[in-house]
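Hi there,

Here is the structure I promised to pass on. Have a look at it first, and my notes on what turned up follow below.

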Amino acid sequence: MTETEHLLDLARTPRTPAVSAATGPETVSPNARTLLSLVAERPAVVLGRRNDVLAWNKLGHALIAPHLRADAPDHPDIRPSLPRLLFLDPQARALYRDWDQEAADYVAYLRLISGKYPDDETLTRMIGELCVRDDAFAALWASGRVGECVAGTKRMIHPRTGEITVDFQLWAQADRPDQRVEIYELRDDPDGTLTRALLDTPAAHVGRQ
């Protein structure tokens with residue numbers, strides 16, 4: 001179980017090099033970049049252990065952060081952080097019709113990762129920042145919930161397509177297990193018309209309901 005794994009991570013001493021983590025920017029796994037190129041007809045992103053976006057294809061960018069620069073993942077100083085976007089960016093936050101569940105799942109995953117990488121100062125700083133800047137994050141972090149979600153569904157309100165339901169699956173990379181490729185598929189879109197519409201000129205913004 002995820003909770004048991006987390007407790008074992010916390011109890012494991014001394015830390016081995018495999019468990020300790022560098023604090024600098026991550027680089028994209030070659031396997032992840034290859035997989036990203038093979039799924040160009042679906043939205044996809046490569047996530048690092050802190051849920052930073054290390055790379056995305058055009059549709060992935062259009063789905064989860066169309067208001068950000070397309071080349072943002074290539075620059076560590078402006079690289080998108082999904083936890084920061086979810087809690088601190090109003091445009092990103094407004095994408096999720098089930099924001100409360102999305103937020104709870106992200107915080108549970110961050111707690112799991114914080115146990116695996118207790119020496120990652122960048123991760124620790126991000127968690128501290130979010131606790132200070134967002135009361136919802138602070139409350140979720142204090143709950144102590146631990147979790148990992150490798151597949152699921154996101155209900156979204158997208159500025160280019162309106163209401164959509166998106167299934168997703170995460171694929172860990174053998175060469176760098178702390179990196180995952182998240183691949184999305186829009187429901188009720190057999191010919192890909194709705195997916196391609198993600199690249200259209202944005203329509204008037206639709207607020208959360």
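**Notes on the model**

Asn51 sits in the loop between β1 (44–47) and β2 (53–56). This is a predicted model, so local features need pLDDT of at least 70 and side-chain atom pairs count only at pLDDT 80 or more, while totals for chains, interfaces and linings use all residues. Residues are numbered from 1 along each chain as its sequence is written, and side-chain values use heavy atoms, with hydrogens and water left out.

Phi of Asn51 is near 65°, a positive value in a residue other than glycine. Asn51 is also buried, with a relative accessible area of 4%; buried means under 20%, exposed over 50%, and partly exposed in between (1.4 Å probe, protein chains only). Asp188 has a positive phi too, near 55°, and is likewise not a glycine. Asp188 belongs to the loop between β5 (180–186) and α9 (193–196), and with a relative accessible area of 76% this residue is exposed.

For the overall picture, the chain has 9 helices and 5 strands. Both are DSSP runs numbered from the N terminus: helices are H or I with at least four residues, strands are E with at least two. Starting at the N terminus, the order of elements is α-α-β-β-α-α-α-α-α-α-β-β-β-α. Of the 209 residues, 46% count as buried. Among contacts (heavy atoms within 4.5 Å) with a separation of 6 or more, 61% join residues 24 or more positions apart. The chain exposes about 10,600 Å², and carbon and sulfur atoms supply 54% of that area, which comes from the Shrake-Rupley method with a 1.4 Å probe, where for residues only the protein chains shown count as cover.

Which residues of α7 are buried? They are Leu123, Met126, Ile127 and Leu130. These cover an arc of only 95° around the axis, which puts them on the same side of α7; the arc is that of the directions from the helix axis to the C-beta atoms. An α-helix has 3.6 residues a turn, so residues three or four places apart point the same way. The cover over the buried residues of α7 includes α4 (82–88), α6 (99–116) and α8 (135–143). On the face turned away from the buried side are the exposed residues Arg125, Val132 and Arg133. The N-terminal end of α7 is capped by Asp120, with a side-chain oxygen 3.1 Å from the backbone nitrogen of Thr122.

Leaving out residues up to four places away in sequence, His61 touches Trp56, Pro66, Leu68, Arg69 and Ala70.

Last, the cysteines. How many disulfides does the structure hold? There are 0, a disulfide being a pair of cysteine sulfur atoms within 2.5 Å. Cys131 is partly exposed at 25% relative accessibility, and Cys149 is partly exposed at 33%.

Best wishes

Notes: A polar contact is a pair of N or O atoms within 3.5 Å; within protein, one must be able to donate a hydrogen and the other to accept it, and residues adjacent in sequence count only if both atoms are side-chain atoms.
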